[in-house]
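Hi everyone, thanks for coming. Let me put the structure up on the screen, and then we can walk through it together.

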Amino acid sequence: MRFLITGGAGFIGSHLVDKLLLSGENVVVIDNFNSYYDPNIKWKNISNAKENPNFKLLEGDILNKELLYEIFSSFDIDILIHMAAQAGVRGSIKNPELYTKVNILGTLNLLEMCKKYKTKKIIFGSSSSIYGNSKVPFSENNKVDEPISPYAATKKGAELLCYNYHHLYKIPITCLRLFTVYGPRQRPEMAIHKFTKLINNDESVPIYGDGSSSRDYTYITDILEGIKSAIEKDLGFEIVNLGSSDPIKLLDLVNLIQEKIGKKAKLSFLPPQSGDVERTYADISKAEKLLWYSPKVSIEKGIEKFIKW
């Protein structure tokens, strides 16, 4: 089976590449190696994959229709796993036009290719940010028409396009709403990576708000198992949460990291940031039923693994 993974040199994408190659699958990756964070990190992420004869890397952008035609016409793509996105809530507030182009138009370009070349299945990496400040735990049945950042709005827009292409062209599509994934290779600006580095270097840790906000952090291996199951299951069109269903408050997270490192954190309290949700908390009952999903790595164990990395 041949997979196309967009954003395949990123944090989640590169782990997925390694997992599929280990299973003997053929993997094609498109990634534009943009400067949102150091591109050398992405190159390191896929350094092992590049040695595998079943791996093909194309450096480029999902907004480039000519490149997408080249990929889909040259390779018989069975399954698209669409992880590429312009990421980050605050960045989307500063540059909403870029986020709209990449996350919505880029997704549309891929859907058109899948329609034209009769791709068998699509897995779309969506986001828990879609829920905004709706009631917890976040259920797929929640009303989600009040996104509080352009990033969240673009992810919701991409989900709607996915449904539209399933409805019109019968393409099986599973949209996975991922809840704050962490682990080795996590993007450097993400909280756990950032806090760990700052505490270890005896630098000040910024706390936006009073520290009572909470997140449902999910370890990378649990996410990979959820994606693997979504690949294997025939679901038609579904939207499914992948989280740990065990949120932790920001200050408790900092305390846990400093405890595992063995250093005291220096805290700097700052005003809350626009676009940030107050909390995330996944209802994973649908994932348990449809994907037999069962997260196994606690936040305590996950932080230990991350610090070791």
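In what order do the 7 strands of the open sheet come? The order is β3-β2-β1-β4-β5-β6-β11, with parallel pairing. Strands here are DSSP runs of E with at least two residues, helices are runs of H or I with at least four, and both are numbered from the N terminus; two strands pair if DSSP finds at least two bridges between them. At the edges sit β3 (55–59) and β11 (237–242), each pairing on one side only.

A quick word on the source: this is a predicted model, where local features need pLDDT of at least 70, side-chain atom pairs count only at pLDDT 80 or more, and totals for chains, interfaces and linings use all residues. Residues are numbered from 1 along each chain as its sequence is written, and side-chain values use heavy atoms, leaving out hydrogens and water.

Now look at β11. Its partner is β6 (residues 173–178), and the two run parallel over 6 bridges. I173 stands opposite F237 in β11.

Next, which helix lies across β1, β4, β5, β6 and β11? That is α8 (residues 220–232).

Finally, the inside. Helix α5 (96–117) gives the largest share, 3 residues.

Key. Contact = heavy atoms within 4.5 Å. Axes fitted to C-alpha atoms, helices over the stretch in contact; angles between N-to-C directions.
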